Amino acid sequence: MQEMMNSLQPISSWLPDLNGPLVIAGPCSAESESQVLKTAQALKQIPQVRLLRAGIWKPRTRPNTFEGVGEAGLPWLKLARQETGLPVSTEVANGRHVELALKYEVDVLWIGARTTASPFAVQEIADALKGVDIPVLVKNPINADLALWLGALERLATVGLTKLGAIHRGFSSYQTSKYRNLPLWKIPMELERRFPNLPLICDPSHIAGARSMIYEVSQKALDLGMQGIMIETHPDPDNALSDAQQQVTPARLQEIIKALAVRTPSVDSPGFQQELDELRGQIDRIDHEIMEALSHRMQVVHKIGDAKVRHGVTALQVKRMDQIIQKQMKLAEDLDLRPDYVQDIYRTVHEESVRTQTEMMHQAGHDVGNKA
Ligand code: PEP
Ligand code: MN
């Protein structure tokens with residue numbers, strides 16, 4: 001897997017002269033020839049937009065809602081590319097979709113969140129793409145499962161695709177939140193850490209679910225170093241046949257792009273490099289101290305564990321756990337640390353102590369059992 005992912009090609013291999021983040025824009029769904037052409041023409045005026053998107057087959061939560069125009073929409077995409085020069089992309093959810101998309105020369109394919117969660121469908125798509133090295137972007141599965149996301153990428157890489165990318169579109173949750181799909185940024189960041197060669201693009205439209213939050217989610221994605229954004233754009237969002245709440249007009253898209261601050265992963269400035277090296281040296285020393293403190297703490301945890309075993313006391317003492325967490329959260333405020341951050345850390349630290357002591361008790365039980 002690691003080797004296959006290391007040999008992936010950068011976005012610039014399939015979109016030459018890309019400078020700055022890739023912006024993919026276009027309607028949630030292709031609705032009519034004139035809507036597709038009108039959108040494409042408006043987007044053509046925005047230089048950062050390098051790829052048109054439009055859903056042809058729409059996986060909908062409920063039946064009897066608009067499920068996309070189907071094959072009839074594919075010539076519209078082809079025409080949009082002819083008229084504007086913008087390459088086009090659409091979602092494929094099975095082998096037949098792939099066959100048709102290739103027939104109409106769609107430039108880039110993406111796999112939707114519901115499909116990524118379905119290994120048989122992904123395999124069928126991979127098999128249909130054997131021998132065709134077209135760029136394919138894989139949206140995260142709707143559930144927060146990094147392994148499933150990776151599994152889909154692996155199925156595609158295994159048939160020889162080298163122009164793969166991942167799209168972070170958030171994760172569905174039963175919990176109500178301001179987002180339509182929770183971003184859970186840690187998951188795409190872990191993907192990036194493990195496979196730095198895999199281009200990672202954010203889809204703020206499906207994360208936000210509302211126009212008003214597209215800008216802030218996009219900025220966050222760029223701040224984290226993501227290489228592009230996919231933003232649903234419609235000439236008349238209020239009357240869109242799907243995802244009306246989250247689509248923006250091309251004019252609004254242009255404002256959003258203008259307002260976004262683009263940061264680079266590195267700069268060629270010796271002064272900056274020296275400053276960074278110095279500060280990173282400090283961080284490394286502090287991390288070392290933290291590790292030593294954790295190790296020291298664990299030695300004491302063992303001593304407490306011994307005493308608990310001797311006295312037949314439970315490892316988990318709920319009152320004690322609450323005390324520790326409360327105390328540290330109070331200290332967090334005094335030390336200018338976010339209490340939630342400290343709470344997360346201390347939950348983990350305390351859980352490991354309890355785990356260690358339960359293990360000791362288990363072991364002691366065995367020793368007694370073996371002696372009997
Ligand atoms: C879409 O891009 O319109 C779409 C259906 O997205 P997702 O698969 O992320 O829900
Ligand atoms: Mn959509």
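Q: Which residues does Met361 touch, not counting residues up to four places away in sequence?
A: Contact here means heavy atoms within 4.5 Å. With residues up to four places away in sequence left out, Met361 touches Lys308, Val309, Val313, Thr314 and Ala315.

Q: What kind of model is this?
A: Residues are numbered from 1 along each chain as its sequence is written, chains are lettered from A and ligands numbered from 1 in the order in which they are written, and side-chain values use heavy atoms, leaving out hydrogens and water. Local features need pLDDT of at least 70 and side-chain atom pairs count only at pLDDT 80 or more, while totals for chains, interfaces and linings use all residues, for this model is predicted.

Q: Is Met361 buried, exposed or partly exposed?
A: Met361 lies in helix H14, residues 339-371; helices are DSSP runs (H or I, at least four residues) numbered from the N terminus. Buried means under 20% relative accessible area and exposed over 50%, with partly exposed in between (1.4 Å probe, protein chains only). Because its relative accessibility is 24%, Met361 counts as partly exposed.

Q: Is Thr356 buried or exposed?
A: Thr356 is also found in helix H14, and it touches Met298, Val301 and His302, not counting residues up to four places away in sequence. Its relative accessible area is 8%, so Thr356 is buried.

Q: Which residues touch the most other members of the largest nonpolar core?
A: A nonpolar core is a set of buried Ala, Val, Leu, Ile, Met, Phe, Trp, Tyr and Cys residues joined through side-chain atoms within 4.5 Å. The largest one has 70 residues, and the residues touching the most other members are Val136 and Leu156.

Q: Which helix gives the largest share of this core?
A: In soluble globular proteins, nonpolar side chains tend to be buried together. Here the largest share of the core is seven residues, and they come from helix H7.

Q: What distance separates an oxygen atom of ligand 1 from a polar side-chain atom of Glu232?
A: Glu232 is among the residues surrounding ligand 1, where near means a heavy atom within 4 Å. For an oxygen atom of ligand 1 and a polar side-chain atom of Glu232, the distance is 3.1 Å.

Key: Helix = DSSP H or I, 4+ residues; strand = E, 2+ residues; numbered from the N terminus. Polar contact = N/O pair within 3.5 Å; in protein donor to acceptor, adjacent residues only side chain to side chain.
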